[in-house]
Amino acid sequence: GLRNGTIDFYLGAVSQAEPAPGLVSEVLFQNTRIVVGRKGHPLAGARSLKELTGADWATPSLDVNAAEDLTAVFARFKLPPPSIKLQAHSAMSVMVALASTDLLAMLPRQWADFAMGQQALRVIPVRERLAAPDIVFVRRADLPLTPAAEYFCDMMRRAVLHRQL
C-alpha cells in the first residue's frame with residue numbers, strides 16, 4: 001500500500017528488514033518494554049528478569065517472530081529461554097490471557113498507560129532495561145505526504161517531544 005500510494009505512511013514498530021526500495025524510515029522514538037502480569041500475580045514482587053525465568057509467558061505475534069524476540073531478550077542477560085505458552089494474534093487476546101492466568105508478557109511500555117490494562121494488569125518493575133523496537137514513520141521517498149498526513153505526523157513528533165521533557 002505504501003509503494004502504490006494507497007497508504008500515506010506506516011507508524012509503528014520498526015521492521016527487522018530494511019525499508020523496501022523507494023521508502024524512507026524516520027525514527028520517532030526509541031522504545032522500551034515492561035513485564036506485565038495480572039494483579040495479584042505470584043511473581044509480582046520480582047525485581048529482576050532472573051527471578052522470572054521459571055514463569056510461563058505469552059507473546060503478541062503481530063509482525064515479527066515474538067518468541068524468537070523474547071528468547072533474545074533473555075539471552076542478552078545470559079538467562080535460559082523463556083517458557084512460551086501462548087502466542088496471541090491480537091492485543092486483546094494477550095490482555096485477556098494475562099488478566100485471567102499466571103502468564104507474563106514483555107510488552108511495549110505504552111501498555112502501562114491503557115486504562116483497561118490498568119484495571120486488570122500490573123507492571124512488574126524489573127531492574128533490567130528491556131529494549132524494544134524503535135517506533136518509526138515509513139513513507140514513500142518520492143511522494144510528499146498529504147496535508148492531513150503531514151499534520152498528523154507533525155502532531156506525533158510534537159507529542160513525542162512533549163513526553164520526553
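Start by selecting lysine 78, in the loop between helix 1 and strand 4 (83-88); helices (H or I, at least four residues) and strands (E, at least two) are DSSP runs numbered from the N terminus. The model is predicted, so local features need pLDDT of at least 70 and side-chain atom pairs count only at pLDDT 80 or more, while totals for chains, interfaces and linings use all residues. Residues are numbered from 1 along each chain as its sequence is written, and side-chain values use heavy atoms, with hydrogens and water left out.

Stay on lysine 78. Its phi is near 55°, a positive value in a residue other than glycine. Most residues other than glycine have a negative phi. Lysine 78 has a relative accessible area of 78% and is therefore exposed (exposed is over 50%, buried under 20%, partly exposed in between, with a 1.4 Å probe and protein chains only).

Next, select helix 1, residues 66-76, and pick alanine 66 in it. Alanine 66 counts as buried because its relative accessibility is 9%. Leaving aside neighbours within four places in sequence, alanine 66 is in contact (heavy atoms within 4.5 Å) with Thr59, Pro60 and Ser61. For a distance check, pick alanine 112 as well: its C-alpha is 19 Å from that of alanine 66, and the two are 46 residues apart in sequence.

Now select Val35, Leu49, Leu52, Trp57 and Met106. In the largest nonpolar core, which has 15 residues, these touch the most other members. A nonpolar core is a set of buried Ala, Val, Leu, Ile, Met, Phe, Trp, Tyr and Cys residues joined through side-chain atoms within 4.5 Å. Helix 1 gives the most to this core, with three residues. Apart from it lies another core, of 13 residues, including Ala88, Leu98, Ala105 and Leu107. In soluble globular proteins, nonpolar side chains tend to be buried together. Centre on valine 35 and show what it touches: beyond four places in sequence, the list includes Leu104, Ala105, Arg122, Val123, Ile124, Val126 and Leu130.

Go on to strand 2, which holds asparagine 31 and threonine 32. Asparagine 31 is at 3% relative accessibility and so counts as buried. Threonine 32, with a relative accessible area of 18%, is buried too. Show the side chains of asparagine 31 and glutamine 110, which are joined by a polar contact of 3.0 Å. Such a contact is a pair of N or O atoms within 3.5 Å; within protein, one must be able to donate a hydrogen and the other to accept it, and residues adjacent in sequence count only if both atoms are side-chain atoms. Other contacts of asparagine 31 include Pro133, Asp134 and Ile135, while threonine 32 touches Leu107 and Leu130, among others.

Then select Ser15, Ala17, Glu18, Pro19 and Val138. Of the 20 residues lining the second largest pocket, these lie nearest its centre. Strand 1 (10-13), strand 2 (23-38) and strand 7 (131-140) each supply at least two lining residues. Colour the lining by type to see 13 nonpolar, four polar and three charged residues.

Last, select alanine 13 in strand 1. Alanine 13 counts as partly exposed because its relative accessibility is 27%.

Notes
On a 1 Å grid over the protein atoms alone, a cavity is a set of points where a 1.4 Å probe fits but cannot get out, and a pocket is an open set with protein on both sides within 12 Å along at least five of seven lines; lining residues have an atom within 4 Å of a point. Ala, Val, Leu, Ile, Met, Phe, Trp, Tyr, Cys and Pro count as nonpolar, Asp, Glu, Lys and Arg as charged, and the others, Gly among them, as polar.
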